[in-house]
Amino acid sequence: IADGYEPCVFEPPDLFTESLAVGAERIAVAVDEVREATGEDRIHIVAQCDGGVATRYYLQLLAGDQKVDQVVTFVSAHHGTWLSPVGDWVTSFDALADITPGSAFLEELNGAPFPPGLMLTSIYSCNDELMLPYDTSVVDGATNVLFCDHYVKHFDPFWDPVVYERIVAALEGAGDSAPLYY
């Protein structure tokens, strides 16, 4: 309930191992459940890594943009990461195949139109050890925020107060007017 928000934490089961399209369908169900439980017409979503990519799929391909107000993704491989083929080879996890650059999943996602009026902020870091290249998180049509001078690695955004304040700014509708570089 920090900063006036009532958080609902949802982690799709097997988000890392199953297809992100399946994760997006699970997000759709969770969003409907939260909307029904709270009576809210539109909700905010904050999603990290694969959760951000699955959320974007939900928004752009499953009409989730009609049920969501503000969206913040951070350290999400919206265009894939060069490390995922290695992880996929070792684990055979579907999600890693999905975030392999040039995958059919990413071609479909990045070929889908960005919904008009969708307020999406993508936060990423030039110091992220897992997102290669680091600008894989840039989304055309979104507000893209780069952390480079303020040192943030892949798992740091969970606890970084500057990233937190930037997320809150986006949720409050100030995503475009807040700084785009840290």
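The points below look at the nonpolar cores and then at the cysteines.

1. Please keep in mind that this is a predicted model.

2. Start with the largest nonpolar core, which has 31 residues. The members that touch the most others are Leu20, Ile45, Tyr58, Leu59, Phe105 and Leu120. At least two core residues come from each of helix 1 (20-38), strand 1 (43-48), helix 2 (50-61), strand 2 (68-74), helix 4 (94-98) and helix 5 (104-111). Helix 1 is the top contributor, with seven residues.

3. Now zoom in on Ile45. Leaving aside residues up to four places away in sequence, Ile45 touches Val31, Thr55, Tyr58, Val68, Gln70, Val71 and Val72.

4. There is also a second, separate core of 12 residues, and Val75, Ile123, Ala170 and Leu171 are among them.

5. How many disulfides does the structure hold? There is one, formed by Cys126 and Cys148 with their sulfur atoms 1.9 Å apart. The link is right-handed, with 95° about the S-S bond. Cys126 lies in the loop between strand 3 (119-125) and strand 4 (143-147), while Cys148 lies in the loop between strand 4 and helix 6 (161-171), so the pair, 22 residues apart, links distant parts of the chain. Cys148 is partly exposed, at 24% relative accessible area.

6. Cys49 is buried, with a relative accessible area of 15%, whereas Cys8 counts as exposed at 51%.

Note on methods: Residues are numbered from 1 along each chain as its sequence is written. This is a predicted model: local features need pLDDT of at least 70, side-chain atom pairs count only at pLDDT 80 or more; totals for chains, interfaces and linings use all residues. Side-chain values use heavy atoms; hydrogens and water are left out. A nonpolar core is a set of buried Ala, Val, Leu, Ile, Met, Phe, Trp, Tyr and Cys residues joined through side-chain atoms within 4.5 Å. Buried means under 20% relative accessible area, exposed over 50%, partly exposed in between (1.4 Å probe, protein chains only). Helices (H or I, at least four residues) and strands (E, at least two) are DSSP runs, numbered from the N terminus. Contact means heavy atoms within 4.5 Å. A disulfide is a pair of cysteine sulfur atoms within 2.5 Å.
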